[in-house]
Every structure is written in C-alpha cells, then in structure tokens.
Amino acid sequence: MRFIGLLFLFFLSYCVEAQSKNDSLVKLLDKIDGRERVDVLNQLSWTLKSSYPEEAIQYGTESLQLSKQIDYNIGTAKGFYHLSVIYSIRSNIDFSDSLAKKAEEFYRIEEDMLGVGRSWNVLGINYRKRANYGEALKYLQKALAVFESFNDTNIIIKGKSNIATVYYYMGNYDSALVTHLNTIEYAKRLNDLDLMYNEKFNV
C-alpha cells in the first residue's frame, strides 16, 4: 500500500512538472516568432498529444502553416510527423498515413533519415491497426534498421517493441518472445526501469 502511495505521489509530481513546463511554453509564444515559434508549437503539439489531443492538433496545425510560410522544412517535417502520431492514436488511420508520408517527404529534403525512420514507424503501426501484418512488419523493420544505424538505444527499444507486438498479433509467439527479451536487454543498457518493467509485463 505504501508503494502505491509513493507511486501516486511520483506520478502527481511528474504531472505538475509537465504542466508547469507546458504553461511556460504557452506564455513564450507571445514573445517569439519565426523558426523559434515553430519549434515551440511543435514541442507543445508533441507533449500534449495524449493528454490534450485537440490542443495538440491546434498547435501542430499552426506550426505547419507558419513553417511553410517561412520555408522551414524541418519544422514542417516535425509538424506533419507529430500530427500523424496524434491522428494514429485517435484511429484516423488514413489521414495519419497521408501525414506520415508528407513528413517523410520533408525529412528527405533535409536528409534527416532518423525522421524518415520515424515516419515509417507510424506507417507500420497503422498497418498493424488494420491487421495488415505483412506490411506492418515491412515498415517497422525498415524503421528499426534506420534506428539501429543511429545507435539510438531509446528509439531502438520502441521499434523492437512495435515489431514484437505485430508478431504477437500474427500468432508468432516465439518471435514475439525473443524480440521482447531482446528489448529488455536494451532497456537494461539504459538502466530504464519503466521500459524494463513494461517489456517484462509484455512477456
């Protein structure tokens, strides 16, 4: 019981800190313009995507409009990517796909392959939601190859976890188990207890 109480206090503290940060970013919008404003709008869009999706969409849309006006391609790419994730969460899969493909297009202009990989990851998740597991694996494995080329352990873990989920839905439980166990090893390298426990729960 004491552990649950401590966990609740930790979660409450995290929420208060996150809200305070978001409030600071909103106030900052009154003082900035140009690329800096696009970056802050994108940051708000991302951090609010789960808790306040409607606000996140508004910030993401404004970010897109401004970044296009000032020819800020990486800002445009991030705007499309963030919105693709939000609409995927809201199960508007077709629209999410179109946004992810636009994100990929602008990431390619900037030669940002990590961004391209993230866009493929969204497409893979969307195919999984459609139960088109073959296409889901194709995109998720392409994304994982990009993540691994950057040796970004955090995003590699997420990529592997997405692939394990697809294997599970396919009924390929052996591959799902092996992939989850491999993901746990990556989480240990980061000493990330949340990721470790999440993957152990999945196993």
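Tyr168, Tyr169 and Tyr173 make up a nonpolar surface patch, with about 390 Å² of accessible area together. Patch members have over 30% relative accessible area and no salt bridge, and nonpolar side chains (Val, Leu, Ile, Met, Phe, Trp, Tyr) are joined within 5 Å. Areas follow the Shrake-Rupley method with a 1.4 Å probe, and for residues only the protein chains shown count as cover. A salt bridge puts a side-chain nitrogen of Lys or Arg within 4 Å of a carboxyl oxygen of Asp or Glu.

The model is predicted: local features need pLDDT of at least 70, side-chain atom pairs count only at pLDDT 80 or more, and totals for chains, interfaces and linings use all residues. Residues are numbered from 1 along each chain as its sequence is written, and side-chain values use heavy atoms, leaving out hydrogens and water.

**Patch residues**
- Tyr173 is exposed at 52% relative accessible area (buried is under 20%, exposed over 50%, partly exposed in between).
- Tyr168 is partly exposed at 49%, and Tyr169 is partly exposed at 46%.

**Aromatic pairs**
- The whole structure holds 7 aromatic pairs (centres of Phe, Tyr or six-membered Trp rings within 6.5 Å; planes under 30 degrees apart are stacked, over 60 edge-to-face, the rest tilted).
- Tyr87 and Phe95 pair edge-to-face, at 4.7 Å centre to centre and 70° between the planes.
- Tyr87 is buried at 16%; Phe95 is partly exposed at 37%.
- Tyr168 and Tyr169 are also edge-to-face, with centres 6.0 Å apart and planes at 75°.
- Ring pairs link Tyr133, Tyr168, Tyr169 and Tyr173 into a cluster.

**Charges over rings**
- Lys49 lies over the face of Trp46, 3.9 Å from the ring centre (NZ of Lys or CZ of Arg within 6 Å of the centre and within 35 degrees of the ring normal).
- The charged end of Lys142 sits over the Trp120 ring, 4.2 Å from its centre.

Notes
Patches are made of residues with over 30% relative accessible area and no salt bridge: like charges are joined within 9 Å, nonpolar side chains (Val, Leu, Ile, Met, Phe, Trp, Tyr) within 5 Å. Buried means under 20% relative accessible area, exposed over 50%, partly exposed in between (1.4 Å probe, protein chains only).
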